[in-house]
Amino acid sequence: MKILFACGGTAGHINPALAMAGVIRQRHPEAQIKFAGNPRGMEARLVPAAGYEFLPIPVMGIQRRLTWRNIRYNIHSMGCLALSGHRSKKLLASFGPDLVVGTGGYVSGPILRKAHQMGIRTLTHEQNAFPGVTTKLLCRYVDKVLLAVEKAKDYLPGDREYIVTGNPVRSEILTADREAARRILDIGDEVCILSFGGSLGAARVNEAVADVMAWHQGRGIHHIHATGSYGVEEMPRLLAQRGVKAEENPGLDIREYINDMPNCLAAADLVIGRAGAITLSELQAVGRASILIPSPNVAENHQYHNAMVLQRAGAAVVIEEKDLTGQRLVEEVQALVEDPDRLKMLGQNAAAMAIRDANERIYREIMELLSRR
């Protein structure tokens, strides 16, 4: 069994592919699984770290905001795109996969289309409620289109079948124990807030969270916050401006990045964060109340569409970044912390949306496609 995953650009495309590959490798250790992606992309680091062979193919996205720098970038991107068909054919012929799986991003497009032309089975998985350009282009060619949520069907051509599987969720998230996690993190019976703005961080989120930390001083709240790499030096200054000394407050756990997300999610009562598809699937899987601040700096504003699916289901509170202020976030946090019944209801509604067997559903569709002759 030979399977090639084509993904890249962001962790939101790479991590689902790694999760799928993990399920297959666990059940079929003999399977040959490789990944194709941009040698300069995040995938070039994450894939080998997960123990898979990485096949580089220079493919770049298009910058939609027109500046002189982006225009030069786009000219280079178009050159890579012009060569992508030939490069994809060479890569596919070298490995000879039985199946090519795409999880979105600009790398998926040319490889899956060339695989289709070569008669290789193809499958693509869309993580977001609002499908990306790659999925819209590929859905007429690939053998199967898997979706994370039913809502995504509204934005795709109606002349073919779509299979709703949910997003793959790491097994560690599903099995983490709340009481054990709280012991590990040294959290007693306090309300626990978990907040983050992404691996790089988000200045607006860090500023608003600093106001929340100033508000809950002395209120017996434990707060875990990831600043992101850009906020490591900025966060202490923001807190100092608000009279908060993190080193004197044992209830503040401020980090650059959250490496133990399963424990942090299990321990949390309220999560404040962006609205990436995998984040939301994890929130649903563990049934956590959340305040979502969709990133406006993503293709087609898909995080907003993701977040609104939860808000309409009574599973989250959504604050668009253009409306985000420290005062607004404090008001929303205070309202939830002081209303445990509503906090519990948001979590229950999130859990009701979860597709906890997404890994099994995706595995089943992959194996069915491989079984075809």
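**The largest cavity and its surroundings**

Helices H1 and H15 each supply at least two residues of the lining of the largest cavity; helices here are DSSP runs of H or I with at least four residues, strands are runs of E with at least two, and both are numbered from the N terminus. The model is a predicted one, in which local features need pLDDT of at least 70 and side-chain atom pairs count only at pLDDT 80 or more, while totals for chains, interfaces and linings use all residues. Residues are numbered from 1 along each chain as its sequence is written, and side-chain values use heavy atoms, with hydrogens and water left out.

A search of the whole structure finds 1 cavity of 30 Å³ or more, and the space in the largest cavity is about 40 Å³. On a 1 Å grid over the protein atoms alone, a cavity is a set of points where a 1.4 Å probe fits but cannot get out, whereas a pocket is an open set with protein on both sides within 12 Å along at least five of seven lines; lining residues have an atom within 4 Å of a point. Grid points are joined across faces, edges and corners, and a volume is the space filled by probe spheres set on the points.

The lining consists of Met-20, Val-23, Ile-24, Pro-168, Asn-359, Ile-362, Tyr-363 and Ile-366, and H15 provides the largest share of it, 4 residues. By class, this lining has 7 nonpolar residues, 1 polar and no charged, where Ala, Val, Leu, Ile, Met, Phe, Trp, Tyr, Cys and Pro count as nonpolar, Asp, Glu, Lys and Arg as charged, and the others, Gly among them, as polar.

The axes of H1 (residues 11–27) and H15 (residues 358–371) come within 10 Å and cross at roughly 70°, the axes being lines fitted to C-alpha atoms, for helices over the stretch in contact, with angles from 0 to 180 degrees between N-to-C directions. H1 and H15 are therefore roughly perpendicular to each other, since angles of 65 to 115 degrees count as such, under 35 as roughly parallel, over 145 as roughly antiparallel and the rest as oblique. Met-20, Val-23, Ile-24 and Arg-27 of H1 make the contact with Asn-359, Glu-360, Ile-362, Tyr-363 and Ile-366 of H15, contact meaning heavy atoms within 4.5 Å. Of the residues in this contact, 6 are nonpolar, 1 is polar and 2 are charged.

Strand S6 (residues 144–147) runs parallel to S7 and is joined to S7 by 2 bridges, and Leu-146 has Ile-163 in S7 as its bridge partner.

Technical notes
Two strands pair if DSSP finds at least two bridges between them.
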